[in-house]
Amino acid sequence: MKWASHIAIGKVIADALELSPGERKAFLDGIVEPDRHKERGNRDGRSYRLSHHDPSDRVIMLHVWMARRSMLRNDTYQGYRHLGMALHYIQDKSTSKGFLGLTHERREEKLAKVEPSRDEVMKGLKEHASSSEFVRRSLSEIKPLKDPKRIMAQASYRSASVAAAVIDMDGQTHVKKDYARARRKHALATVPLIIGSLAIGASISILWSSPYPMVPAAVLALIAVLLDRPYRQLRRLAEWNGLGKH
Ligand SMILES: [Zn+2]
């Protein structure tokens, strides 16, 4: 996607969110930054250039988390800058690369003439949930499209709902209460159940000099770990709300 298209979507979102001049500048700088200096990734100790037109969800989530953590620290400058960078990749993800990229350039030219959809932005701002889970799900639903109007509508909608998710701080007190309760339950029930069943299995195994009593114990421990999934999700939500890793 061309700069003009990224900036146009960014401006509609910035207007809708009524950003201050400083926040607006950080946001719009962020939204074109990935094209300015190509970002570098690191794999196996070697640095490589991150592909732009095929941004991985991992890179997008990295910027989303950096944006969210900055917002929690009240560092809105870094917050809006990283949010802008995440949205850049989301918008690139909305456009199909086309067959061997041959039609890509032409499509981008056409796309640059399409106005971002204000209605889709307003809809996206409204239809969001403030969690990393929501952002992850939103990313997985973005399709590489070919029609310029549909690309613009999707990019506007997904950009706005991810922006709203990152900015929304309303859930904090509610999550704080739920998390405190879940942590107590986790410490009093789940952890002792896992340790206890493995310990009983181990002691019977020693007593009988047979490994078999460990089997039902391990199955029970595994069930406890699986049942613990909602707790782990809540822990991520707590982190999303600045409650730290515990
Ligand atoms: Zn790009």
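Where is the place of T103? T103 is located in the loop between α4 and α5, the latter covering residues 104-112. The model is a predicted one. Its protein chain contains 11 helices and two strands, and the points below are grouped by topic.

**Overall architecture**

- Along the sequence, the elements of the protein chain follow the order α-α-β-β-α-α-α-α-α-α-α-α-α.
- The protein chain has 246 residues, of which 32% are buried.
- If contacts between residues at least 6 apart in sequence are considered, 76% of those in the protein chain join residues at least 24 apart.

**Two residues and their surroundings**

- T103 counts as partly exposed because 13 C-beta neighbours lie inside 10 Å.
- T103 and K146 are 43 residues apart along the chain, and their C-alpha atoms are separated by 9.7 Å.
- S197 belongs to helix α9, which comprises residues 172-208.
- S197 is buried, because 20 other C-beta atoms lie within 10 Å and 20 or more is the criterion for a buried residue.
- With residues up to four places away in sequence left out, S197 touches A217, L220 and A221.
- Of these contacts, A217 is 20 residues from S197 in sequence, and the C-alpha to C-alpha distance between the two is 5.2 Å.

**Packing of α6 with α8**

- Helix α6 (residues 118-126) packs with helix α8 (residues 148-167) at an angle of about 30°, and their axes are 7 Å apart.
- Helices α6 and α8 are therefore roughly parallel to each other, since angles under 35 degrees fall in that class.
- The crossing in which α6 passes α8 is right-handed.
- On the α6 side, the contact is formed by E120, V121, K123, G124 and L125; on the α8 side, the residues are A153, S156, Y157, R158, S159, A160, S161 and A164.
- By type, the residues of the contact of α6 with α8 comprise six nonpolar, four polar and three charged.

**Packing of α1 with α6**

- Helices α1 and α6 pack at an angle of about 55°, and 10 Å separates their axes.
- The two helices, α1 and α6, are therefore oblique to each other.
- Helices α1 and α6 form a right-handed crossing.
- From α1, the residues V12, I13 and A16 meet R118, V121, M122 and L125 of α6.
- The residues of the contact of α1 with α6 comprise six nonpolar, no polar and one charged.

**Nonpolar cores**

- The largest nonpolar core has 38 residues, and those that touch the most other members are L83, A86, I90, V162, A163 and V166.
- Two or more residues of this core come from each of α1 (3-17), α2 (21-36), α3 (57-72), α4 (76-93), α6, α7 (132-140) and α8.
- Helix α8 gives the most to this core, contributing 12 residues.
- A163 touches I13, L83 and L87, residues up to four places away in sequence not being counted.
- A second, separate core consists of five residues, among them V175, Y179, L237 and A238.

Methods: Residues numbered from 1 in each chain as written. Predicted model: local features only at pLDDT ≥ 70, side-chain atom pairs only at ≥ 80, totals over all residues. Helix = DSSP H or I, 4+ residues; strand = E, 2+ residues; numbered from the N terminus. Buried ≥ 20, exposed ≤ 12 C-beta atoms within 10 Å, placed from the backbone. Contact = placed C-beta atoms within 7 Å. Axes fitted to C-alpha atoms, helices over the stretch in contact; angles between N-to-C directions. Parallel < 35°, antiparallel > 145°, perpendicular 65-115°, else oblique. Left-handed = near helix turned anticlockwise from the far one by under 90°. Nonpolar A, V, L, I, M, F, W, Y, C, P; charged D, E, K, R; others polar. Core = buried A, V, L, I, M, F, W, Y, C linked by C-beta atoms within 7 Å.
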